[in-house]
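Hi,

Here is the model I promised to pass on. Have a look, and my notes follow below.

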Amino acid sequence: MNRPLRHVAVFALLLVLAVLVRATWVQAAEAGALDDNPHNRRQTIAAHSRPLGNILVGGKPVTGSAETDGELKYKRTYTDGAMYAPVTGYLSQAYGSTQLESLYASVLDGRDSRLSSPSDALTGKEPTPGDVLTTLDPAVQKAAYEALGDKTGAAVALDPATGAILGMASTPSYDPGRFAGSGSADRKAWEALQKDKSQPMLNRALRQTYPPGSTFKLVVAAAALENGLYTSVDQATDSPDPYLLPGTTTYLRNENSAAPCTNASIRTALQYSCNNVFGHLAERLGQQKVAEQAEKLGFGDGKLDTPVRAAESLYPTGMDKAQTALSGIGQFDVRATPLQMAMVSSAIAHDGLLMKPRLVDRVTDGTSGVLEKSDPKEYGRAMSADTARQLQSAMRTVVEKGTGTNARIDGLTVGGKTGTAQHGVDNSGTPYAWFVSYAQNAQGKQIAVAVVIADSDAARSEVSGNGLAAPVAEAIMRAGLAPGA
């Protein structure tokens, strides 16, 4: 063989070897990554080749599977889809998945290796898809969704003792079953949702932050007691009314000019929602001490997983004294999710111990085998038991004879705090209405709730935490602690 031919033959051999090496590498090292690639059509076909596992509420599935005529044999169905969408998320043949549907996709479609037994590998038997059991109380979820009605807002209910999320509603909502398939009707439904300015697919309970307004006064009150600024909620404070914001010519006034807010105690200041008291408290404490208290309650936690990740609630930094005072009434740049404010109420109700919020109780193999169990875990001690009990008492005063009377429930011990937060440039938008609360029945069972109403058909002058948000919280607490609950 002459030299040119030999060079060509060697080059051809090297090409063949390169192809063999690459093929071997793909099959041995990259097979798993290719199998898991979301753009792999075979993966999508396999995931929809049989009925899926389910997401359960109160032991009953709120999801299902329906057979289709297409290449993707089964599609997801939903029971009360709009009510549970903030929890389940969606699973679509065309648009992927979110929230629990996404986080537990491999369990729900049967691909999770924990679902297979050694004998399955020998017999070629496909494993049975698993199920996800949530912590939701169906009565609480229904009460939250129906009480929110056609308002734009959200509600979260927690079990203070375990951190279990008992209810999580967001309105307006959407039915994920409308685009679970891949046909033209599904595409039209999806496109309509994307164009909807009311953002029905936004999970306002977990993923949207708002200025918490006067509900943040509970955090400032805890900081004042924990740092020894005052030792009792009934001790008179040093609080001029109106309060001149430091370094400015602006006075911080109260919504009710007749309220007894001059040098009011923390109890009275919560009862009448005195801005001057909490603005002055925050300024005296300083932003660092208020921030430390807020962080103990979950503010600044960018990795709060339920397991669906919540947006980070923020207490601002770099403020001057006037801005720090405004932060004390939940304004300036303070931002909180409804989940975050439910955590504040939960810690107070649970004698200062905050439990980690959790939405999933356990994951099973579709029968009785447990793959994962979510046990209650402590988030941390947010405040002393004495501080928490004093705030419990003060919150009861708010409901019994203060700004939160619409949350009263016969036969239950109820404490709460109203909030109305400014919205827009120079408060040009409709204010946000808040209510955070806790309730306890005669057997000691508790529930902690946070409600925010971002928009409603109420006139601007009628927007208040007691008028709009407290009735929603009342319905939720009643459902959670009704006889036999």
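Contact here means heavy atoms within 4.5 Å. With that in mind, among contacts in the protein chain between residues at least 6 apart in sequence, 68% join residues at least 24 apart.

Before the rest, two notes on the source. This is a predicted model, where local features need pLDDT of at least 70 and side-chain atom pairs count only at pLDDT 80 or more, while totals for chains, interfaces and linings use all residues. Residues are numbered from 1 along each chain as its sequence is written, and side-chain values use heavy atoms, with hydrogens and water left out.

The protein chain has 17 helices and 18 strands; these are DSSP runs numbered from the N terminus, with helices being H or I of at least four residues and strands E of at least two. Of its 485 residues, 52% are buried (under 20% relative accessible area; exposed is over 50%, partly exposed in between, with a 1.4 Å probe and protein chains only).

Now the sheet. Five strands form an open sheet with mixed pairing, in the order β2-β1-β7-β13-β14, where two strands pair if DSSP finds at least two bridges between them. At the edges sit β2 (60-61) and β14 (370-373), each pairing on one side only.

Going through the pairs: β1 (residues 55-57) runs parallel to β7, joined by two bridges, and Ile 55 has Val 132 of β7 as its bridge partner. β7 and β13 are antiparallel, with four bridges, and Asp 131 is opposite Thr 364 in β13. β13 (residues 360-364) is also antiparallel to β14, through three bridges; there Thr 364 stands opposite Val 370.

In β7 (residues 131-134), Asp 131 and Leu 133 point one way, Val 132 and Thr 134 the other, and all are buried.

Then there is a helix pair. The axes of α8 (residues 138-148) and α17 (residues 465-480) come within 8 Å and cross at roughly 160°; axes are lines fitted to C-alpha atoms over the stretch in contact, and angles run from 0 to 180 degrees between N-to-C directions. That makes α8 roughly antiparallel to α17 (over 145 degrees). The residues in contact include Ala 139, Ala 143 and Ala 147 of α8 and Val 472, Ile 476 and Gly 480 of α17. By class, this contact has ten nonpolar, one polar and no charged residues (Ala, Val, Leu, Ile, Met, Phe, Trp, Tyr, Cys and Pro count as nonpolar, Asp, Glu, Lys and Arg as charged, and the others, Gly among them, as polar).

Cheers

Notes:
Angles under 35 degrees count as roughly parallel, over 145 as roughly antiparallel, 65 to 115 as roughly perpendicular and the rest as oblique.
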